[in-house]
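Hi,

Here is the structure I promised to pass on.

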Amino acid sequence: MTPTLLGTHEQLRGEVLGLVEVDPDDAAMGMVELVADAGGPAVRCTGPVADLVEGQCVTVVGHWQQHRRHGWSFEAVFYERIAPERVAASDGWMRSVAPVRWPADVASAVHERFGPRAPELARTDPYGLLAVDRVRFGHVDELGRHLRMPMTDPGRVRAAATAAVAASRRAGHEHLAHDALVAATARLAGVDRLIAADAVAAAVTQGTLATERIDDREVVSTPGALRAERDLAAGLLRLLRAERPRLRERLTELAPDGLGPAVRATFSCPVSVLTGGRGTGAARAVTAIVRTVEGVGLRLGEDLVIADAAACGDTESVRELVAGIGDGAHLLVVGDLDLQVPEGPGQVLRDLVDSGVVPVTSFTEPEASGPDPSASTGRIVGLAREVLAGEVGVLRGADGDVFLAEEPPHGDPVRRVVRAVTRRIPEHLGVDLDGIQVLTPRDAGPLGAHAVDAAIADALGGPDRPSMARAIHRTSGRTWPVAVVVVDVSDRGVVDRRMLYTAVTRAERALIVVGQEQTVRAAARWQRPVDRHTGLRARLRR
């Protein structure tokens, strides 16, 4: 690499998740998603990267920029393919097949799944190893090239098609449009679109993939994914069409004029939605619903099921929940549309709201008649609203129930977090360790949840205690008396408005932000695009 370039640019190392788009005017230019070695959500890289393939490990040289459509992204000047730094101890089976080096977790995952059969499978059907979740097309294609498999080999191109669908589901989509899948397969396999289209058709014929028409479009996904979404829609329609919904039958026992809109909607329709953030009155409305249900002799969990969309908002989780609800029971889905989207594929809350087939009660304004029982009425709620608006006000060292521990860029935020958790919070706020949760943007890396948790355990004298740090996207709708949130400049391109809002609203009594005020402001101004391809809304409207 050029020393001058390295002196003025930054480096980003990681593994390619997949190609996002190609510049129509220059086939070498494009955008890829990259999981950095430090872990965390995918980072988007733009520039001369269109020939990269998922599973490849690279060092990208460039700089961070504010992309006009995609927000914070890494503008590449050039990249260099690299071998993974860590190779699994169990990769001896791989060296007996081909001189390739895979990341430690990839080799270990294959070895755990297939054991002594792994070498033979790698020699006879390397693309069959894609059945292991952690394996990517770039990994097995290295084996395929070593075995001199032709680029147009039908098995290879079919594997590229299934890998493209798998990549879309990891990004939260339930399906891909047929034309989009053909294009993605052609790029991934390096073949023309006619060959890619034949491979998609062959994968459908074999049952590896499946097609369906949704909104007058042919879409493709795995058979299980399409079946799960169909089952979820059928289960919701079963509840909606029940002959004798139990809450609706008790509505005559209540005085309709005295009911709030959320209570009325829950009793009137077997499936309803309630949305709202902290301090809006949404939690108070849920409490009123529960009291009303119990007041007429009905049972929570049997006659009325309340589903937290933050904890079970993906398609498969909600499908399992709905399947267990008996005929005549009511379902209330509660959630905050501004929180991070579910980890798994789907966006059930958003699809229900947009479907138009269920009543939706939305709480958006600050509560005027007393505090929301789930939230502080102080600076936490105000900061959450400022984050949603994209403009954060002044953050002082101590501002009501929000505390900013300003840490200089490239400082030592982990040391500050450890001191806050082990000394300052218990001493000054009177909260014991069980009431404190540290939230980080990533799992791995020097500022990730794993590293922070290890540092806290060392300070406390050993690892024999529950984890005290977790990545923000793993909070699953939970809250804690005190949340310590790491928002450091090293995580730019990772922390956006939705992630920051999620972190802020995890705190009940006090929020400690460790990082830089400038980084908090930058995160609030940027919203990562969320455009998941799902079919639930269309299925409910049929």
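Leaving aside neighbours within four places in sequence, Thr 185 is in contact with Val 157, Ala 160, Ala 161, Ala 164, Ala 196 and Val 200 (contact means heavy atoms within 4.5 Å). Thr 185 is buried, with a relative accessible area of 0%; buried means under 20%, exposed over 50%, and partly exposed in between, using a 1.4 Å probe and protein chains only. You'll find Thr 185 in helix H7, residues 178–189. Helices (H or I, at least four residues) and strands (E, at least two) are DSSP runs, numbered from the N terminus.

Before going on: this is a predicted model, where local features need pLDDT of at least 70, side-chain atom pairs count only at pLDDT 80 or more, and totals for chains, interfaces and linings use all residues. Residues are numbered from 1 along each chain as its sequence is written, and side-chain values use heavy atoms, with hydrogens and water left out.

Back to H7. It packs with helix H8 (residues 193–206) at an angle of about 115°, their axes 8 Å apart. Axes are lines fitted to C-alpha atoms, for helices over the stretch in contact, and angles run from 0 to 180 degrees between N-to-C directions. On the H7 side, the contact includes Thr 185, Leu 181 and Val 182, while H8 brings in Arg 193, Ala 196, Ala 197 and Val 200.

Next, the sheet. Four strands form an open sheet in the order S10-S11-S9-S12, with parallel pairing; two strands pair if DSSP finds at least two bridges between them. Strand S10 (304–308) and strand S12 (360–363) are at the edges, each with a single partner strand, so one side of each has no neighbour in the sheet. From one strand to the next, the twist averages 15°. Strand S9 (residues 271–276) pairs with S12 over four bridges, and Leu 274 stands opposite Thr 361 in S12. Helix H12 (residues 282–295) packs on the sheet, touching S9, S10, strand S11 (330–335) and S12, and its direction makes about 145° with that of S9. Helix H14 (residues 348–355) lies across S9, S11 and S12, at about 110° to S9.

Two loop residues to look at as well. Arg 148, between helix H5 (137–146) and helix H6 (154–170), is not a glycine but has a positive phi, near 60°, and is exposed at 76% relative accessible area. Asp 216 sits in the loop between strand S7 (210–214) and strand S8 (217–221); its phi is positive too, about 60°, and Asp 216 is exposed at 71%.

Cheers
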